[in-house]
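Subject: The two-chain model

Hi,

Here is the model I promised to pass on. Have a look first, and my notes follow below.

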2 protein chains.
Amino acid sequence: MKWYSTVEELSTAEVGLATGGRGRRPAGSGTREAIVAAARRQFGEVGYRRASLRTIATEAGVDPRLVLHFFGSKQELFASVVELPFDPEVAFDDLLAAGSQGVGRRVAEFILAVLDSPEGRRTVTGLIRAAASEEEAAATIRELVARRMLLPLASRVGRDRPELRAGLVASQIVGLAMARHVVGLTPLATASHAELVAALAPVFDHYLTGDLDPTDPGR
Amino acid sequence: MKWYSTVEELSTAEVGLATGGRGRRPAGSGTREAIVAAARRQFGEVGYRRASLRTIATEAGVDPRLVLHFFGSKQELFASVVELPFDPEVAFDDLLAAGSQGVGRRVAEFILAVLDSPEGRRTVTGLIRAAASEEEAAATIRELVARRMLLPLASRVGRDRPELRAGLVASQIVGLAMARHVVGLTPLATASHAELVAALAPVFDHYLTGDLDPTDPGR
């Protein structure tokens, strides 16, 4: 599981604070990373619409024109920073390495671990806030989810309708994150990992490996 | 299943357009309903944050002060208009009348019918947009979901942890609505009712009637 640039970004931001205060940073080493870190915090905290290139530039200690120079537009900056807090290829390899037996429980444990890490929760809630508020952010997220989550999973599960299966898993993850972390709906907001894993494991098993054929006469 | 005031509101709005154009409506019969209809459209289309009392008043053909007179504040107006597009007490009575056998399929069919009606979809996507963007809207929605969905369901299912079960069902519904109607994620956005019912029925069965005990040694 790879955590994109987290450590590098944090240390860059800390160095900026320690040495430069609110002063501006020259273009060059660490600048792009500082902008990405500031943008990720802004998008996660205030959402896509309310995040401004000016505020992001100020927080990163750079000239706002540098943000446009590096990223072109707010939408492109957004697409650059909403990396998933894990590498799906690596993650799904691990989750499916032992075969499909028990995969629902492993997916549930993995997702809950991501959502309960500060970085993972911030990324996922930021994505949800942005997708709900803004059509151009939603388009970016469709791309991200389709390319980075659906395709890797689709290529490994080995059953029919892999895109539908991955979409169903994604929908339950989004709904859980929304209820538990965005809206704070009890008792989902306060349920333990063990309770949620017990509840979700059979669901992910069904979505990933179960019979989804609506014409099956045995249903 | 009761559709709150839809017909009355529509006819009120049409009468307003036909007879008054953009002119203002006097306080009195139909005024409150016209404000509710305009507010529901605004919250559903632009979200809680961007909806303004002034725009709602203009669309309803009333003085903005009348909106405050009737509802007190934007948050109270929001709480008044985000009625679920069905009466949960009646709906859950119907869904559980035949016992818990097959309840997952009946819930799935019912929810998909709600989400595929223009009124139901507008209400649910409006709720999601508002909950994602605004803490005070999220608080209103917590109340709405807890009181109007969780409690009626909790009182009828008859298994352990009814609030957790209802929360899990709500999380999957929210995630589905988000993927299918807000973000437009294929293939969930284009899947047929039959496909989604086949996928969701066993999940709702599990959430409502299955074993959720994390300490069960048989798991």
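A word on naming before anything else: helices (H or I, at least four residues) and strands (E, at least two) are DSSP runs, numbered from the N terminus. This is a predicted model, so local features need pLDDT of at least 70 and side-chain atom pairs count only at pLDDT 80 or more, while totals for chains, interfaces and linings use all residues. Residues are numbered from 1 along each chain as its sequence is written, chains are lettered from A and ligands numbered from 1 in the order in which they are written, and side-chain values use heavy atoms, with hydrogens and water left out.

**The fold**

Chain A has 11 helices and zero strands, so going from the N terminus you simply read α-α-α-α-α-α-α-α-α-α-α. Of its 219 residues, 52% are buried, where buried means under 20% relative accessible area, exposed means over 50%, and partly exposed is in between (1.4 Å probe, protein chains only). Take the contacts in chain A with a separation of 6 or more: 70% of them join residues 24 or more positions apart. Contact here means heavy atoms within 4.5 Å.

**How the two chains relate**

Rotate chain B by 180 degrees, with 0.0 Å of shift along the axis, and it superposes on chain A with an RMSD of 0.0 Å. The two copies are therefore related as by a two-fold rotation axis. The superposition is by least squares on the C-alpha atoms of residues with pLDDT of at least 70 in both copies. Which residue of chain B comes closest to the rotation axis? That is Gly175(B), with its C-alpha at 1.9 Å.

**The interface**

Ala132(B), Val183(B) and Leu185(B) supply 13% of the area that chain B buries against chain A, more than any other three residues. Buried area is the accessible area (1.4 Å probe) that two parts lose on being put together, summed over both.

On the polar side, 10 residue pairs are in polar contact between the chains (both at pLDDT 80 or more). A polar contact is a pair of N or O atoms within 3.5 Å; within protein, one must be able to donate a hydrogen and the other to accept it, and residues adjacent in sequence count only if both atoms are side-chain atoms.

**Residues to look at**

Arg161(A) turns up again for its backbone: phi is positive, about 50 degrees, although the residue is not a glycine. Arg161(A) sits in the loop between α9 and α10 of chain A and is partly exposed at 28% relative accessibility. Arg161(B) also has a positive phi of about 50 degrees, lies in the loop between α9 and α10 of chain B, and is partly exposed at 29%.

The peptide bond from Thr186(A) to Pro187(A) is cis, with omega near 5 degrees, and Pro187(A) is in the loop between α10 and α11 of chain A. In chain B, the bond from Thr186(B) to Pro187(B) is cis too, with omega near 5 degrees. For background, most residues other than glycine have a negative phi, and most peptide bonds are trans.

Lastly, Val182(B) in helix α10 of chain B is buried, with a relative accessible area of 6%. Leaving out residues up to four places away in sequence, Val182(B) touches residues of both chains, including Ala131(A), Ala132(A), Thr125(B) and Ile128(B).

Cheers
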